[in-house]
Amino acid sequence: MSVKLYVVQGSHPCATAEHALELKGVSYKRVELVELAHMALQRVRFGAPTVPGIVFENGEKVLGSRAIVHRLDERVADPPLLPSAPDDRARVEDLERWGDEELQSLTRRVCWAAFRHDASPMPSYAEGSKWPLPAAVIRRVGPIIARGAARVHGAGNSRLLEDMRAVPELVAHVNRAIDEGTIGGQNPNAADLQIAPSIRLMLTFDDLKPMIDGTPAGALAVRLFPDWPGHSPAGTIPRHRPESAGASDAQA
Ligand SMILES: N[C@@H](CCC(=O)N[C@@H](CS)C(=O)NCC(=O)O)C(=O)O
């Protein structure tokens, strides 16, 4: 039985898991699921609806980017993704947790809120997909997928305003972590792998790029993930006043 990684194309936590597997030199089969449809399939296979999930060669199942990276680090020693010194390890794990719970989630909400407003960039994010739907089809189903995903992730307009205001401080937090040497070293650790994909995905949005470009956070993301699908021109993320009551959040 080969190692199987269950992913959705363009997903930032999936990139975390894939990069960890590549660094460890583990060969694996990439099983790409279709956005939203993946939730039911993952629930059946892993008991919860998210990607990434991994099934190791002995049948062991692990769900979640952080859990996958940690389990992989236990199974394959080199190169280590977590420092052996307890204090260093605690620092990396704290930052990794923040990267997962705060940065990763905010990035996801902003993306889906943007595509809910304007789904036209979605075909560019499907580049390299195993399910190459024609752009015309993606354009048609894109708004439906975006509305569904925005609802699942609580990506409404009022949250979007709050999230957009938080971006500069999140980037500053990553810059400080690089400055302190917790991430950004020659050999990526678990926190690098958790954080860089979110920043890299943000860089595909011209509305976010000016807050990131030229910063250590941006440089780290591009160094670890030089290629990333997708481009959203300026204006994809709406700069709006809250919509009328009832339409202002993701229930629409
Ligand atoms: N923080 C978790 C969550 C991953 C996550 O939310 N993945 C999204 C795709 S980017 C997903 O599958 N969402 C479906 C859902 O939340 O039901 C991780 O890093 O694995």
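Which domains does the domain assignment of the chain give? The assignment gives domain 1 (3–75) and domain 2 (86–224), with bounds that come from an automatic or database domain assignment. The model is predicted: local features need pLDDT of at least 70, side-chain atom pairs count only at pLDDT 80 or more, and totals for chains, interfaces and linings use all residues. Residues are numbered from 1 along each chain as its sequence is written.

**Ligand shell**

- The ligand is surrounded by 15 residues, and the closest are Ser11, Pro13, Pro49, Thr50 and Ser65; a residue is near a molecule if its C-beta atom, placed from the backbone, lies within 6 Å of it.
- Each of domain 1 and domain 2 contributes at least three residues to the shell around the ligand.
- At least two shell residues come from each of helix 3 (65–75) and helix 4 (86–117), and helix 4 gives the largest share, three residues. Helices (H or I, at least four residues) and strands (E, at least two) are DSSP runs, numbered from the N terminus.
- By class, the shell around the ligand holds seven nonpolar, five polar and three charged residues. Ala, Val, Leu, Ile, Met, Phe, Trp, Tyr, Cys and Pro count as nonpolar, Asp, Glu, Lys and Arg as charged, and the others, Gly among them, as polar.

**Domain interface**

- The C-alpha centres of domain 1 and domain 2 are 18 Å apart.
- In domain 1, 16 residues are in contact with 21 residues of domain 2; contact requires C-beta atoms, placed from the backbone, within 7 Å.
- On the side of domain 1 that touches domain 2, helix 1 and helix 3 are the elements that give two or more residues, and the largest share, seven residues, comes from helix 1.

**Helix 1 and helix 3**

- The axes of helix 1 (residues 12–24) and helix 3 lie 9 Å apart at an angle of about 10 degrees; axes are lines fitted to C-alpha atoms, for helices over the stretch in contact, and angles run from 0 to 180 degrees between N-to-C directions.
- Helix 1 and helix 3 are therefore roughly parallel to each other, a term for angles under 35 degrees.
- Residues making this contact include Pro13 and Leu21 of helix 1 and Ser65 and Leu72 of helix 3.

- An open sheet of four strands has the order 2-1-3-4 and mixed pairing, where two strands pair if DSSP finds at least two bridges between them.
- Strand 2 (28–33) and strand 4 (61–63) are the edge strands.
- Strand 1 (residues 3–8) pairs with strand 3 (residues 53–55) in the antiparallel sense over three bridges, and Leu5 stands opposite Ile54 in strand 3.
- Helix 1 packs on the sheet, touching strand 1, strand 2 and strand 3.

How values were computed. Parallel < 35°, antiparallel > 145°, perpendicular 65-115°, else oblique. Contact = placed C-beta atoms within 7 Å.
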